[in-house]
Amino acid sequence: MSIAQQTATGAVALRTEHLGRRVADVSVVTDISLDVYHGEMLGIVGASGSGKSSLLRLLNRLDEPTSGTVFLDGQDYRQFSPRELRRRVGMVTQRPFLFPGKVAGNVRFGPSQRGEVLADEDIARLLERVGLPGFTAREVTNLSGGEQQRVSLARALANRPEILLLDEPTSALDEQAKMGVEQLICSLVKDTSLTCVMVTHDRDQARRMCDRVALMEAGRLIQYGKPAEVLGA
Amino acid sequence: MLKSLFHTQLTLGFAQAGIASVLALAVVLLARRRNIHLESDAAIALLRGIVQIVAVGSILALLLKSPRWTSVFLLTGMVLAAGSISARRAKNIPGARKVSTYSIAAGAGLVTAIMTWAGVIDTAITSLIPVGSMIIANAMNTNGLALNRFRSEVLAHAGEIETALALGAAPEHTVASYAESSIHASLIPAIDNLRSLGIVWIPGLMTGMLLSGADPLYAAIYQFVVIAMILASSGLTSLLSTMMIRNHAFSPAEQLVLKSSG
Ligand SMILES: Nc1ncnc2c1ncn2[C@@H]1O[C@H](COP(=O)(O)OP(=O)(O)OP(=O)(O)O)[C@@H](O)[C@H]1O
Ligand SMILES: [Mg+2]
């Protein structure tokens with residue numbers, strides 16, 4: 001099934017209902033209801049401090065919602081164990097936070113948490129997929145920023161997530177590395193019909209990459225639609 | 001010099017305390033000339049110190065006449081106090097006080113109990129209280145060190161921990177290496193004490209035994225015994241407290257709650 005068909009059938013991968021989080025009497029995320037369709041790339045844009053990261057962290061339950069909830073394939077995500085949920089909803093952050101050691105160890109990390117051993121071929125294939133062929137035995141300390149971010153993507157993909165959350169995955173990279181990682185993410189989404197929610201403060205990036213865009217302001221969702229509608233041409 | 005002037009032990013003691021305080025204050029004044037102001041802190045600490053220790057001395061004097069089992073209550077009181085004191089080192093960790101109290105009680109209690117049962121510690125109040133309190137005090141310090149280290153490791157590595165959680169790791173697994181280094185770091189003083197025993201310092205208990213006329217060799221060996229017991233109880237305490245505090249760093253939904261912001 002192509003991405004267009006899936007979107008057309010409107011299968012909802014992730015739905016938030018009145019999702020909110022208050023921290024110390026401040027509402028950092030307020031009453032957000034939105035649908036993310038299978039295979040789409042949803043962008044979340046908004047000014048700094050508007051609650052983009054806070055919203056994303058609610059989607060894999062890294063923070064606890066104080067109101068509302070999230071449905072994953074129609075099921076309230078609190079029915080899943082946090083570990084199962086986080087395997088299904090992966091996350092890549094601005095800084096890669098690679099674990100000390102070799103690239104392969106990082107890629108193996110997710111599956112090994114469930115007692116699964118990722119075969120060497122699988123690791124090689126994942127690394128090839130993110131544009132790092134032959135990096136298996138490299139130490140993470142001497143990788144460039146762009147390479148580290150690619151390892152972090154491969155590490156997240158090793159869990160075979162259904163949904164990938166991306167929090168400004170390119171904002172710590174220089175222009176060239178940024179374009180490379182951006183294209184990589186786009187091709188991953190297309191080839192594997194991965195569902196993505198990506199936070200970015202870069203409106204041009206959102207235009208280039210996203211099928212739909214959600215605009216946030218002061219913790220609220222204020223607009224939600226095609227990039228051209230939300231961000232202007 | 002003093003001994004010829006003061007004839008009862010008590011007056012002699014106060015005179016000795018006076019001279020020691022004068023010396024301490026002289027150093028404070030010296031510091032003041034270099035613009036380091038310790039006056040109020042030092043004066044209060046000195047005053048507080050003498051009041052506390054005289055109070056304890058009086059209590060001990062009373063206790064010496066009471067039955068042996070009263071020391072159990074006294075030691076329990078010390079454990080409770082130690083628990084809340086060292087919990088302050090782990091502010092922001094919910095349950096730190098409970099964790100500290102349980103760990104110190106288990107670590108110090110178990111070692112004291114076994115050693116008393118084995119006859120290493122005498123059940124006389126004069127022996128059980130000083131040795132027991134030394135074990136508790138050291139367990140308290142170790143516990144404080146362990147919790148403090150754990151807290152700062154977790155705060156410094158929140159990104160790594162949450163990354164591991166986001167990849168489906170079990171909470172205790174994400175902080176295992178920080179727990180380990182906390183235990184290790186917290187035991188350095190106890191291990192160094194054993195290492196330097198007799199070379200760098202001759203600890204208080206041995207000094208006391210020597211002053212009261214014990215055989216120097218026995219006093220020396222017994223001092224080793226006490227330091228080894230301290231290592232055992234500190235190790236147990238730190239092991240337990242890091243194990244318990246680990247769970248308090250996370251919510252039931254496996255979210256990291258021990259963070260600098262809240
Ligand atoms: N744990 C917390 N305690 C208190 N306030 C918080 C907490 N987490 C987030 N906030 C506040 O919530 C608001 C939204 O933060 P968030 O990081 O989600 O913004 P953002 O849109 O991702 O910003 P940026 O583009 O700078 O990354 C900010 O004002 C932030 O200070
Ligand atoms: Mg952010």
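Predicted model: local features only at pLDDT ≥ 70, side-chain atom pairs only at ≥ 80, totals over all residues.
Residues are numbered from 1 along each chain as its sequence is written, chains are lettered from A and ligands numbered from 1 in the order in which they are written, and side-chain values use heavy atoms, with hydrogens and water left out.

Back to the ligand. On its own, ligand 1 exposes 640 Å², and the protein buries 59% of that. Those accessible areas come from the Shrake-Rupley method with a 1.4 Å probe, and for residues only the protein chains shown count as cover. How many residues surround ligand 1? There are 12, and the closest are Ser48(A), Gly49(A), Lys52(A), Ser53(A) and Ser54(A). A residue makes that list if one of its heavy atoms lies within 4 Å of the ligand. Sorted by class, this shell has 7 polar, 3 nonpolar and 2 charged residues. Here Ala, Val, Leu, Ile, Met, Phe, Trp, Tyr, Cys and Pro are nonpolar, Asp, Glu, Lys and Arg are charged, and the others, Gly among them, are polar. The site is shared between chains, because residues from both A and B surround ligand 1.

Which element gives the most to that shell? That is helix 2 of chain A, residues 52-59, with 3 residues. Helices (H or I, at least four residues) and strands (E, at least two) are DSSP runs, numbered from the N terminus. Helix 2 of chain A is mostly covered, with 6 of its 8 residues buried. Buried means under 20% relative accessible area, exposed means over 50%, and partly exposed is in between, with a 1.4 Å probe and protein chains only. Lys52(A) is one of the buried residues of this helix, and so are Leu55(A), Leu56(A), Arg57(A), Leu58(A) and Leu59(A). After helix 2 of chain A comes Arg61(A), with a positive phi near 60 degrees.

That brings me to backbone angles. Most residues other than glycine have a negative phi. Ala24(A) is not a glycine, yet its phi is positive, about 50 degrees. Ala24(A) lies in the loop between strand 1 (12-23) and strand 2 (26-37) of chain A, and it is exposed, at 71% relative accessible area. Phe97(A) also has a positive phi, about 45 degrees. You will find Phe97(A) in the loop between strand 6 (89-92) and helix 4 (103-113) of chain A. Is Phe97(A) buried or exposed? At 18% relative accessibility, Phe97(A) counts as buried.

In all, 19 residues of chain A are in contact with 17 residues of chain B, contact meaning heavy atoms within 4.5 Å. About 1700 Å² is buried between the two chains, and carbon and sulfur atoms give 54% of it. That buried area is the accessible area (1.4 Å probe) that two parts lose on being put together, summed over both. Together, Arg83(A), Arg86(A) and Phe97(A) supply 35% of what chain A buries against chain B, more than any other three residues.

Two more stops. In strand 9 (residues 212-217) of chain A you will see Arg212(A), which is buried at 13% relative accessible area. Its side chain makes a polar contact of 2.4 Å with that of Glu40(A).

Finally, chain B has 11 helices and 0 strands. Of its 262 residues, 39% count as buried. One example is Ser100(B), in helix 5 (residues 96-117) of chain B, with 0% relative accessibility. Leaving out residues up to four places away in sequence, Ser100(B) touches Gly83(B), Ser86(B), Ala87(B), Asn143(B) and Leu147(B).

Notes
Polar contact = N/O pair within 3.5 Å; in protein donor to acceptor, adjacent residues only side chain to side chain.
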